Amino acid sequence: MTAIKDDFYDAINGDWVQNATIPADRPVTGGFIDLNQDIEDEERRILQTIHDGKQVAPDLLKEFVQFHKMTANWQQREADGVQPLVDVLKPLKALKSWSDLQQHWSDLIQNAYTTPLSYGVAPDFKQADFNELWLSAPQLILPDTTSYADDNPQRDILLNVWRDMIRQLLLATGCDQEWAQHIVDQALAFDRLIAQYKMSNEAASDYWQLYHPKQLRELSQSVVDVDLKTILTSLLGQTPEKIIVSDQPFWEHANEVYRAQHFEMIKAWMIAQAAYETAPFLTNELRILAGTYRRTLTGTAQAPDQNKAAYRQAHLFFADQVGLWYGKTYFGEKAKSDVIKMVETMIGVYQQRFTTNTWLTQETLRKAAQKLSALTIHVGYPDKLPEYLAQRQVDSTQDIMGNIMQFAKAAVAYSLGQWHKAPDRNIWQMPADLVNAYYDPMHNEIVFPAAILQAPFYSLEQTPSQNFGGIGTVIAHEVTHAFDTNGARFDEKGNLNEWWVASDFENFEERTKKVEQQFDGLMIGETKINGHLTLSENVADLGGLSAALAAAKQDVGFDATQFFMNYAKIWRQKAKPEYTAMLAAMDVHAPARLRVNVQVKNFDTFFDIFHVTEKDGMWRSPKDRVQIW
């Protein structure tokens, strides 16, 4: 058995990892993932009792239940065959020229087609109480721009899997081999073109640098072949004066992408996207085929069975409604009040630290305390749903794709309709039945869905030390995001604003650079970790552990062993190498093992309680231990 002194993560989780089996239809198991699976199992159980007539569907679940009847009707799906995909592709195949695309571009967007003009409506970083139009770069096939490097051995393997998958999907529609091959070749050519200019995930992880406001006239000059004014005016109902570009390198080269001479590539790319997005909702054979690339990318052995697939497809379009039902049904007021108390305790720790801090000036500390005091807390489930979700209804006269297209069109209309309005701060970014949590810098709020508020993160049956090592570190992690390498650049109102004294921020960056160095280049199997890509989350983990530990110590029954052991337990995970490699290229979070072993070595208490010395594998010299908050 591994000794705690040599590998803390393995000492706590090693037996579990050794015995755990990754389900054939998943690339990973453990921690968050298993809790999400437990919730899914419970929701499927309730769904079955409703279908069996043993329970009346609650109001929040009625439309979900109706749509699930469609997704679970495999006999009807087989009868419908590939025709829904044929119908979806018709408007794209009908495009004969660049002028055709120009004329129909806004219609395609409003009808929920994926086009290379990637847009969003979200708060203006400099005016967070006002929604603005954002433009970004199209998504790539591979996980990151770095995935296209010549020395990446997986590049051609993955692209060939994607190529063959899309070709087979198109052939299923009855087209000839030559046309299908032309589409995949052209689509891949456009993907390579995008990859030359798109920001890497590492660069985008500094999301404060994604703010590049442009005047429409200026932006139109960067895409001379695109009638941007007409397209955007059609989408918004009036001509926008200002547009925010999030991927500056891409838009500096946009004129080399959005060209009339690239019409065939762009058309083919849209056809491939539509086939990929539509096929999972057709026959079982096409559903499985459409998951080939994703399974290869993540190392997943097989597709989910039909029952799981039917549930997940229905849940995909009713996640917020189901989540709200879950939160109201399973999350009690006692637990909510207890968690809110823990949040308040954690904020109190930060308030105290701001009064005793020795490396920041009083001016910066005063503004930091002001931001902390303005932090909004949401626990359990939201008060309401977005209007388009609250009103979502299933049309029994249409097939699955007909309903999905209506759902998607309504979502697009709602999003575009939020342009130049104040953001609704009561709308959550994730459903209440998802095991997760988040901090929103534009709203300066932290959100803890009901699903995460269970063991091993939190339980009324666990000791306070265990709860602080679990949900306490998660709570403090989200609070710390307000003061991490990204969040620290936004003020208490959610605006991108340099509120720090300059010398203080330089000091802060020196400390965060040490965190980056602690992770950069570490290996998980054959995968190397990018310390900058994961920096903001690692800073949040460090602050989360620090604040939660300080809060736990306030309890008269504090047990440091229980605290650290439960912290290690919540991050236990077993994953396929392919999945780990994918996340290393695109995920801002470090691998679970490192979130434990690298972080705990920054705390004197850890060394004291487990008697770790310089002879042990978990040793880190006091001079190399980092504390920020």
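Two cavities of 30 Å³ or more lie in the structure. A cavity is a set of points, on a 1 Å grid over the protein atoms alone, where a 1.4 Å probe fits but cannot get out; lining residues have an atom within 4 Å of a point. Grid points are joined across faces, edges and corners, and a volume is the space filled by probe spheres set on the points. This is a predicted model: local features need pLDDT of at least 70, side-chain atom pairs count only at pLDDT 80 or more, and totals for chains, interfaces and linings use all residues. Residues are numbered from 1 along each chain as its sequence is written, and side-chain values use heavy atoms, without hydrogens and water.

The largest cavity has a volume of about 50 Å³. Among its lining residues are D320, K384, W428 and M430. The lining has eight nonpolar, no polar and two charged residues.

The second largest cavity holds about 40 Å³. E43, I46, L47, I50, L61, F64, V322 and W325 line it. The largest share, four residues, comes from α2.

Now the sheet. Four strands form an open, mixed sheet in the order β2-β3-β5-β4. β2 (118-124) and β4 (212-215) are the edges; each has a single partner strand, so one side of each lacks a neighbour in the sheet. The twist averages 40° from one strand to the next. β4 and β5 (residues 242-245) run antiparallel, joined by four bridges. There, H212 stands opposite V245 in β5.

Technical notes. Pairing = 2+ DSSP bridges. Helix = DSSP H or I, 4+ residues; strand = E, 2+ residues; numbered from the N terminus. Axes fitted to C-alpha atoms, helices over the stretch in contact; angles between N-to-C directions. 1 Å grid on protein atoms, 1.4 Å probe; cavity = no way out; pocket = protein on both sides within 12 Å on 5 of 7 lines; lining within 4 Å. Nonpolar A, V, L, I, M, F, W, Y, C, P; charged D, E, K, R; others polar.
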